[in-house]
Every structure is written in C-alpha cells, then in structure tokens.
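Grab a pencil and work through these exercises with the structure open. Try each task before you read its solution.

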Amino acid sequence: MFSDYVITAVILIAFFICMEKINRPSTILYKVAGDIIVSKLSRRPELPIMEVLATCALPNHLYQEASFLLLQLGAILGQSSNKFRPDDKFEELLAVYRTDFTEYYQQIWDKQGYQDSLEVFWDDVDNFLMKYTCVKRLRKAYEAINFQPKDETERIDHYFNMTLCELLNFYAPLVIMPSK
C-alpha cells in the first residue's frame, strides 16, 4: 500500500506537469519578447554614461548612485548601460507589442488572449529597485509628490511612466549602495 506521502507526491507531480503544459506557450512568448527587447537595444549606438547623467541634470553627488542604477538596469536587460537614452520611457523600453512578433508568435499571442503589450523584465527591475532602495526614503519621496501607491501594480506603473532621467532623478537619492 502506498503511503500518503507517495500519493501526495504523485498528485503534485501530475499537477506541475499539467501547469507546465498550460503555461508553456506563455513562457515561450515571454522568452521571445525578452529576446526582442535585447535585440532592439543591441542595435543602438552606445552613449557614454557621463553624457546621460549630465543630460539628466543629476547633482554630481548622486552620480555614483545613478551610475549604479544604470549598470544594474543594463545587467538585467543583458546589455551595456551605454545603450540607454535619457528620454527612454520604461514602458516603451520594456514592452513588446503584438506587431513585434512573427506571425507564428502572433498566433500564440492571440490564443493566450494578450491585449496591449507584454512588459518583460518588469519583475526583475522592480525587485532590483526594491532591494537597493531605502523604504523610508521612498515613502518620503512619494509623499513629496503626493503619491501613495495602493499596491505593487501602481508602484510599477509609476516608474513605467517615467523617462530614464526621471527615474534616475527619483531613485538615485533613494539608493542604498551595496557594501564591498
């Protein structure tokens, strides 16, 4: 006779196999979307970080924090941080639209029921910002602009609507630099 543990294990394995089959088209679409973003960025000419920081009118004492943000964002996207432009909007930078895909992937898009766009890397960017941001300072910064996000989605939408300069100016003063 099988023990309860074996039966539970078999049920869980069957569940995860079914979930993998259900989520596989979506996973493939996100992978391809990530490749599209990386490809778009890789075709851009490089722009020196110092030029981006100067264009964004960051105070000199925040250059280290802003450079850290840029380098980490580049690492998340698998690209040099020199590929970013001061006027880049994060929503446009991290979004892939149906028309960006080949016909085969557009069919998957339609079957999955996606509407506007897929925002790729948003969870990695959000995790990074929350890991290196002082929460106390973040709350004060939100108060200063009279913004109180009700949930994670509102917080993410807030920086998704920012340009790179706006993001650097907002988050650089909030960054807690990692210790060496």
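**Exercise 1. Find which cysteines form a disulfide, and work out the handedness of the link.**

Step 1: start with the sulfur atoms. Cys-56 and Cys-165 form a disulfide (a pair of cysteine sulfur atoms within 2.5 Å), and their sulfurs sit 2.0 Å apart.

Step 2: look along the S-S bond. The angle about that bond is -75 degrees, and the link of Cys-56 and Cys-165 is left-handed.

Step 3: Cys-56 is in the loop between α2 (49-55) and α3 (63-77), while Cys-165 belongs to helix α9 (residues 164-171). Helices here are DSSP runs of H or I with at least four residues, strands are E runs of at least two, and both are numbered from the N terminus. The two cysteines are 109 residues apart, so the pair links distant parts of the chain.

Step 4: count the disulfides. The structure holds one.

A word on the model: it is a predicted one, where local features need pLDDT of at least 70 and side-chain atom pairs count only at pLDDT 80 or more, whereas totals for chains, interfaces and linings use all residues. Residues are numbered from 1 along each chain as its sequence is written, and side-chain values use heavy atoms, with hydrogens and water left out.

**Exercise 2. Are Cys-56 and Cys-165 buried or exposed?**

Step 1: set the cut-offs. Buried means under 20% relative accessible area, exposed means over 50%, and partly exposed is in between (1.4 Å probe, protein chains only).

Step 2: apply them. Cys-56 has a relative accessible area of 5%, so it is buried. Cys-165, at 14%, counts as buried too.

Step 3: check Cys-134. With 17%, Cys-134 is buried as well.

**Exercise 3. Which residues does Pro-86 touch?**

Step 1: locate Pro-86. This proline lies in the loop between α3 and α4 (90-94), and it counts as buried because its relative accessibility is 14%.

Step 2: list the contacts (heavy atoms within 4.5 Å). Leaving out residues up to four places away in sequence, Pro-86 touches Leu-47, Val-52, Thr-55, Cys-56, Thr-163, Leu-164 and Cys-165.

Step 3: get a distance. The C-alpha atoms of Pro-86 and Cys-165 are separated by 5.2 Å, although these residues are 79 apart along the chain.

**Exercise 4. How do α3 and α9 pack?**

Step 1: take the axes, which are lines fitted to C-alpha atoms over the stretch in contact, with angles from 0 to 180 degrees between N-to-C directions. For α3 and α9 the angle is about 125 degrees and the axes are 9 Å apart.

Step 2: name the arrangement. Under 35 degrees is roughly parallel, over 145 roughly antiparallel, 65 to 115 roughly perpendicular, and the rest oblique. So α3 and α9 are oblique to each other.

Step 3: pick out the residues. Ala-66, Leu-69, Leu-70 and Leu-73 in α3 meet Leu-164, Leu-167, Leu-168 and Tyr-171 in α9. By class, that contact has eight nonpolar (Ala, Val, Leu, Ile, Met, Phe, Trp, Tyr, Cys, Pro), no polar (the others, Gly among them) and no charged (Asp, Glu, Lys, Arg) residues.

**Exercise 5. At what angle do helix α6 and helix α8 cross?**

Step 1: the axes of helix α6 (residues 122-131) and helix α8 (residues 152-160) come within 11 Å and cross at roughly 95 degrees. That makes α6 roughly perpendicular to α8.

Step 2: sort the contact by class. This one has seven nonpolar, no polar and three charged residues.
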